[in-house]
Amino acid sequence: MTTTLEAPRGGGSTAHPPVREGEGAVARCALPVGRARTIALLSLFLASTMELLDTTIVNVALPTIESGLQASAAQLQWMVAAYPLAFAVGLITGSRLGDLWGRKRVFLGGLVGFTLMSAACGLSPNAEALVGFRALQGLAAAAMIPQVLSSLQVMYAPHERAKAMGLFTGLAGLSAVLGPVLGALLTEADLGGLGWRSIFLVNVPFGALAIAAALRWVPESVATQRPRIDARGVTVLAVGLLAVLYPLTMGRELGWPAWVYAAMAAGAVVLGLFARSQVRAESDGREPLVALSLYRGRGFGAGSAMNSLLFVAMSSYFLCQTIYLQAGLGWSVLKAGLAGVPFALTTTVFAGVGVAVLAPRIGRRVLQIGALTWAAGAVLLAVAVHGADASTSVWSFLPGFVVAGAGFGLMVSPIGVFTLADVPVDKAGSASGLFSTTGQLSGAVGVAVVGSLFFSVVDTHGSPVPVEMFRPAMEVALAVLVGLMLVAAVVARQLPAVASQPAEH
């Protein structure tokens with residue numbers, strides 16, 4: 001989406017003449033440069049890092065939170081799922097609010113809200129409050145994160161933008177996989193006797209620093225073509241998703257009463273009506289909340305499906321592995337968190353290799369290789385799980401962690417480039433937002449569905465020996481991951497053979 005931006009306001013700037021980009025003109029003036037732009041960039045990246053870490057940082061602390069707050073299995077799932085669900089539902093609206101009210105203003109509002117909700121999460125008196133604050137934290141992130149990418153477009157001229165976007169995507173991948181490691185270190189350190197609460201409270205000083213820098217240095221910009229805020233569409237989408245996900249998450253704990261199935265059926269109907277309204281809006285020439293016509297493109301449809309499989313696998317894998325290592329094998333929070341370091345390191349290395357080296361040379365096959373490699377890593381982990389007990393060393397899991405991390409890295413970095421390869425330039429903004437939204441929703445679905453399956457298997461294998469309860473559950477979760485990756489390898493064949501350059505989008 002191309003818009004005309006008003007002059008950014010802030011210190012240390014210079015002027016650039018209007019330039020042509022895509023299919024529309026973008027007027028730029030008073031762009032921050034030098035130290036001003038560097039500080040603004042650090043503020044944006046600091047906010048992004050906090051958000052990305054909070055997507056996965058809670059996983060490794062779940063057993064500690066469970067004992068501290070007397071949380072149920074369903075509440076643990078919601079502590080993970082509430083954040084991406086709220087984030088996904090609010091993401092598109094957050095982007096439009098920035099276009100309408102000003103990117104800096106909405107970014108600061110989201111950043112302040114995110115910091116306050118982080119403090120509220122860290123001070124939660126019970127599990128219900130923590131779930132609620134996690135949802136509010138996700139909504140604040142939905143206001144904050146879209147403005148980061150928009151502000152990068154304002155601050156950097158077209159020939160400079162690729163480097164800034166590359167830094168952003170690299171930071172995103174690294175933050176996501178390092179979340180469990182940092183969460184383990186903070187929980188084990190027990191700073192000030194805070195225990196798991198420090199994984200949320202650590203955001204407060206960093207959030208305050210990012211706010212101070214953003215107030216002074218991040219430029220303001222708005223869109224001259226004011227978008228429509230579809231509050232009704234957002235509400236209908238949220239109701240439909242909650243009607244499906246809430247009973248799906250709580251059903252096992254409640255014994256699957258009849259109302260659970262009725263609620264899920266009603267939610268499916270609501271989502272169907274929502275989809276119909278979006279198609280009608282687009283056919284009438286109005287701007288829909290979700291541009292479903294994008295899925296008619298072979299590349300975007302297949303790429304979105306593959307991205308959904310990736311997020312379902314990722315979110316459920318991190319959740320189940322954390323519970324298994326701590327509750328099943330009796331590992332400490334620190335040991336379980338550090339066990340993820342090999343996965344994080346290989347993900348980082350192979351993400352760079354995948355997008356910079358393999359994707360230009362072998363095209364979409366890099367995604368197929370990544371999916372099959374992650375499936376192979378899951379098989380290696382299943383072998384280790386099958387023979388593991390409380391005395392098993394972390395070295396037994398190392399081959400599986402390394403291979404799985406390599407496969408994940410080969411997929412997570414190039415997938416967006418291939419998905420957007422055949423999207424028209426004037427629809428690239430909508431496609432990017434929809435791509436991110438479906439990924440976050442898929443993460444919430446993965447936690448709800450695979451998490452419920454995991455705990456159901458635990459319940460059916462009651463035993464006084466924890467490892468005998470959690471071993472079959474982890475094996476089932478890994479089998480689901482293998483199945484998802486085999487499907488992803490097939491779906492990848494529908495993507496464009498060669499990806500376009502990331503800078504085009």
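Leu182 is part of helix α6, residues 158-189 (helices are DSSP runs of H or I with at least four residues, numbered from the N terminus). In this predicted model, local features need pLDDT of at least 70, side-chain atom pairs count only at pLDDT 80 or more, and totals for chains, interfaces and linings use all residues. Residues are numbered from 1 along each chain as its sequence is written, and side-chain values use heavy atoms, leaving out hydrogens and water.

Leu182 counts as partly exposed because its relative accessibility is 32% (buried is under 20%, exposed over 50%, partly exposed in between, with a 1.4 Å probe and protein chains only). Together with Leu185 and Leu338, Leu182 makes a nonpolar surface patch of about 230 Å².

## Salt bridges

The whole structure holds 2 salt bridges (a side-chain nitrogen of Lys or Arg within 4 Å of a carboxyl oxygen of Asp or Glu). One joins Arg103 and Asp99 at 2.7 Å, N to O. Arg103 is buried at 4% relative accessible area, and Asp99 is buried at 8%.

The other pairs Asp284 with Arg286 at 3.5 Å, N to O. Here Arg286 is partly exposed, at 41%.

Leu289 sits in the loop between α10 (258-283) and α11. With 6% relative accessibility, Leu289 counts as buried.

Technical notes:
Patches are made of residues with over 30% relative accessible area and no salt bridge: like charges are joined within 9 Å, nonpolar side chains (Val, Leu, Ile, Met, Phe, Trp, Tyr) within 5 Å. Accessible areas come from the Shrake-Rupley method with a 1.4 Å probe; for residues, only the protein chains shown count as cover. Helices (H or I, at least four residues) and strands (E, at least two) are DSSP runs, numbered from the N terminus.
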